[in-house]
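Here is a short briefing on how the chains meet and how they are built. Keep the structure open while you read.

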Amino acid sequence: MKLKLKIWRQKNSDTKGGFHNYTVEATPEMSFLEMLDVLNQQLIEDKEEPVAFEHDCREGICGTCSMVINGQPHGPMALTTTCQLHMRHYKDGDTIVIEPFRANAFPVIKDLVVDRESFDRIIQAGGFVSVSTGQAPDGNSILIEQDVAREAFDAASCIGCGACVAACPNASAMLFTSAKATHLGYLPQGKVEQAKRVRRMVAQMDKEGFGNCSNTYACEAECPKGISVEYIAKMNRDYFSAMVGSED
Amino acid sequence: MSWVSNFLTSSLGKKLIMSLTGLFLIIFLAVHLAGNLQLLAGDDGEAFNVYAHFMTTNGLITFLSYGLYFFILLHIVQGILISLSNRGARKVKYAVSNRKSNSFASRQMMLLGLLVFFFLAVHMGDFWYKMKFTDELSMVTYSGYDYAVKDLYARVDAAFNEWWIVAIYMLGLLALAFHLWHGFQSAFQTLGLNHKKYTPLIDNLGKIYSVLIPIGFAIIPLYFFFVK
């Protein structure tokens, strides 16, 4: 199949970018990134600069591939990362517009690559357990109810890709921050620091220049891991009780 | 008390203010509608005028009304500030944007809120201001009462026989319906009240409320314009 691509090209964060048009010959079994690999090979052979895009595992778990395809982060398929999106969902002659994630807190580094270190800093602010847990405990020595384990795991399945920010009309990082701030709080080892964790992570999130949540739930709709906005409510609860209940 | 200002100026604290003031205004709408339905009593305004007199002279109501004005202003100012900072959080816009993943009402809360506010300005200028600060309204004394009350009913009757005032009310109420459509359940989510058992109930209640309350208000001008 022959596709028309309209791709955002930008040399670096200091220069102005713009859309460039390309045509590429793809096959239905290719993944979206493989289609871009074909385009890049073509560009290299034509002695042009290949399109910079991020990728690592290409199996939907690393959260690296970040691009907005025809207005949707990770493209049109639900619960799918860009690397797991296949060209069989497109047809011959389609035009595909590819843009980087857009948010002030995610500045463009080059072409489709954005700087997501703001997420790293939110994790550094509190997304960890600092109590000494010693050696790995024996299985079942700490009893955790199945429902609780599932809730914790569902939140922990966030891959930190940033699609929630990219999809949100306010470029808010609430879905990411809530998943990362609440999953540890469900479990006994993480519960101890939950009040501090949520306060610090929210403070860092605010500092990074993300927008506020207005409950449009675009994040949940576009999240490749199906993280629920219930975790945003859980973080709100944890935050309010941490702010009101703490002694400082 | 620096924790209070830290709390209320954080992104979640600002949203908490929107949520609590919004819920207060949601309750106010139901009370306001209940009072106004007396306009349909068919008694040439006796029940409504006595009620309006009570609402503007009773001490407790006056006290509550100051709270109401404050919460309305807080909700508006905070809402505008939040919306503007949200718009600023994405300086470079998308060339193609997908609108399937969220609702019109949730995206346009500021626009809908401003429409409601402009309606409110017209509405209060016409009734509240004339009732409280001018002598434009004539006085009536009903049998069984030893005091005269302002005939607000006559003003309502006159206003709702102007097609353009009725049109402004219909537009304002339409904007209110959309604003509530998102705002009702959103207020609960912001408070952290999202629960597998109760959230579907809150969602449905919110949708019913956001349709029924504006329809209830809309009946009044339509009744005066078309029936009376």
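How many residues of chain B are in contact with chain A, and how many of chain A with chain B? In this predicted model, 33 residues of chain B contact 38 residues of chain A.

**Where chain B touches chain A**
- Five helices of chain B each supply at least two residues of the side that touches chain A: helix 1 (2–9), helix 2 (11–36), helix 4 (59–88), helix 5 (104–107) and helix 8 (163–190).
- Helix 2 of chain B gives the largest share of that side, with five residues.
- By type, the residues on this side of chain B are 13 nonpolar, 14 polar and six charged.

**Chain B itself**
- Chain B holds nine helices and two strands.
- Read from the N terminus, the order of elements in chain B is α-α-α-α-α-α-β-β-α-α-α.
- Along the principal axes, the C-alpha atoms of chain B fill a box of roughly 65 × 45 × 40 Å.
- Of the 228 residues in chain B, 26% are buried.
- Take the contacts in chain B between residues at least 6 apart in sequence: 75% of them join residues at least 24 apart.

**The domains of chain A**
- Chain A splits into domain 1 (2–109) and domain 2 (116–245).
- The C-alpha centres of these two domains of chain A are 29 Å apart.
- Across the boundary, 18 residues of domain 1 of chain A contact 17 residues of domain 2 of chain A.
- The domain 1 side of that contact in chain A has nine nonpolar residues, eight polar and one charged.

Technical notes. Residues are numbered from 1 along each chain as its sequence is written. Chains are lettered from A and ligands numbered from 1 in the order in which they are written. This is a predicted model: local features need pLDDT of at least 70, side-chain atom pairs count only at pLDDT 80 or more; totals for chains, interfaces and linings use all residues. Two residues are in contact if their C-beta atoms, placed from the backbone, lie within 7 Å. Helices (H or I, at least four residues) and strands (E, at least two) are DSSP runs, numbered from the N terminus. Ala, Val, Leu, Ile, Met, Phe, Trp, Tyr, Cys and Pro count as nonpolar, Asp, Glu, Lys and Arg as charged, and the others, Gly among them, as polar. Domain bounds come from an automatic or database domain assignment. A residue is buried if 20 or more other C-beta atoms lie within 10 Å of its own, exposed if 12 or fewer, and partly exposed in between; C-beta atoms are placed from the backbone.
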